[in-house]
Amino acid sequence: MEQAQETLLREFEEKIECGFAIEPKDKMPAGYRKHLIRQMSQHAHSEVIGMQPEGNWVTRAPSLRAKQILLAKIQDEGGHGLYLYSAAETLGVSRDELIEQLHTGKAKYSNIFNYPTLSWADIGAIGWLVDGAAIVNQVSLQRTSYGPYSRAMVRICKEESFHQRQGYEIMAKMMAGTADQKAMAQDAMNRWWWPSLMMFGPHDSDSPHTGDAFRWKIKRHSNDELRQKFIDKTVQQAEVIGLTIPDKDLKWNEAKQCYDHGEINWEEFYRVIGGDGPCNKQRMEHHIRVHNEGAWVREAAEAYRAKQQYSKNA
Amino acid sequence: MTADNQLDVWEVFMQSKPGANYIHAGSIHASDKQMALQNARDTYSRRGEGTSIWVVPSSAIVASNPEDNGMFFDPANDKIYRHPTFYVMPEGAKAI
């Protein structure tokens, strides 16, 4: 039995080593399946919970154009959640279980959505910085070893660049506006910059999940590599529109050809993950309430199907 | 907490333009055919990705087993005369 397990693992890892994708019906180690369910469901929950901070500004968007764009973006986030839920379901976990894990706190979602959206500029900052950081991660995940996850990522990446560009456009417009608008944009930058860097997770030296995820090619780049990539491409974009990055230690490192940055406040990171962020409670209560309030819709859909089947058989 | 019904799973196949193959896009949840089509459109064709959609209940899909791949697909490999490059053409023959 144990020997069979070892053979299975060896064959699996050889397949991964050769660069083959793993598909739902392929044999896979329990650890691989478990890691994927955890990572993909967290990713799906993040897309869905991420609709809340943006939804906060739908009724107060400054123009009809802005409102239409924001609605389309929020709909995309819901769609991305659905791509990822269905990819996760191919691993044998049901949608009910996934949602229950979210509601009981067993599954997490990205920490970033536990921060509030205080002004319209925050919608710009989310699109530009938060989606920008997510894109760096998702581009890397397009080459992840699990086929359904990889395909979902390819689809998501195609749509995300609209999100980032609309966010940057909001920031650029505000930075070309009045003194008050500029201050608002800078304030959003100051509040979203560090949480965006935290989105990539702990430093490689402190990351508990890294080993297996790399060997099994679930992850293709480390947290620090991806974070560096995000910083390097974002600094110039901030400069172009006159925003200051709120990090006094940020400077170009000529030798390494990348930016050095200041110390990330990991105490805040772990505190917010632990449940003590500004909006943790609000986000989860909202999701549970809306889920429960929607129960009658699912029941009605089932009743309608039963009625259709009944009249077909009659 | 009672078991929550998230409706049935359907597989979605999308044709990007008339004449193209239908390609698997992903899956969705729905209680009936009509809802399945509408959810498939909302989920997988928000930017004109499709001109036609098929939805199939996932439970109706029959898939080959990867463990049987060797035996299952092997007969295709030893009939090289099924490929045009197998045949020797006379020198000078054109457009064949």
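A residue counts as buried when its relative accessible area is under 20%. That cut-off will be applied at several stops of this tour through a predicted model.

Begin by selecting A:Trp57, which has a relative accessibility of 10% and therefore counts as buried. A search of the whole structure finds 16 aromatic pairs over all chains. In the pair formed by A:Trp57 and A:Trp120, the ring centres lie 6.4 Å apart and the planes stand at 65°, so the arrangement is edge-to-face. Distant parts of the chain are linked here: A:Trp57 sits in the loop between helix H3 (51–55) and helix H4 (64–89) of chain A, whereas A:Trp120 belongs to helix H6 (residues 120–141), 63 residues apart.

Proceed to A:Trp252 and A:Tyr259, an edge-to-face pair with 5.0 Å from centre to centre and 75° between the planes. Here A:Trp252 is partly exposed, at 38% relative accessible area, while A:Tyr259 is buried at 15%. Then select A:Phe12, A:Tyr32 and A:Trp216, which form one aromatic cluster.

Finally, display the contact between the chains, to which chain B gives 23 residues and chain A gives 25 residues. About 2200 Å² is buried between chain B and chain A, 44% of it on carbon and sulfur atoms. Six salt bridges join the two chains; one of them pairs the side chains of A:Arg305 and B:Asp8, at 2.4 Å from N to O. On chain B, highlight strand E1 (8–15), strand E2 (22–30) and helix H1 (33–44), the elements that each give two or more residues to the side touching chain A. The residues of that side comprise eight nonpolar, eight polar and seven charged.

Technical notes: Residues numbered from 1 in each chain as written. Chains lettered and ligands numbered in written order. Predicted model: local features only at pLDDT ≥ 70, side-chain atom pairs only at ≥ 80, totals over all residues. Heavy atoms only, no water. Contact = heavy atoms within 4.5 Å. Buried area = accessible area lost by both parts, 1.4 Å probe. Salt bridge = Lys/Arg side-chain N within 4 Å of Asp/Glu carboxyl O. Helix = DSSP H or I, 4+ residues; strand = E, 2+ residues; numbered from the N terminus. Nonpolar A, V, L, I, M, F, W, Y, C, P; charged D, E, K, R; others polar. Phe/Tyr/Trp six-rings, centres within 6.5 Å; stacked < 30°, edge-to-face > 60°. Buried < 20%, exposed > 50% of the residue type's maximum accessible area, 1.4 Å probe, protein only.
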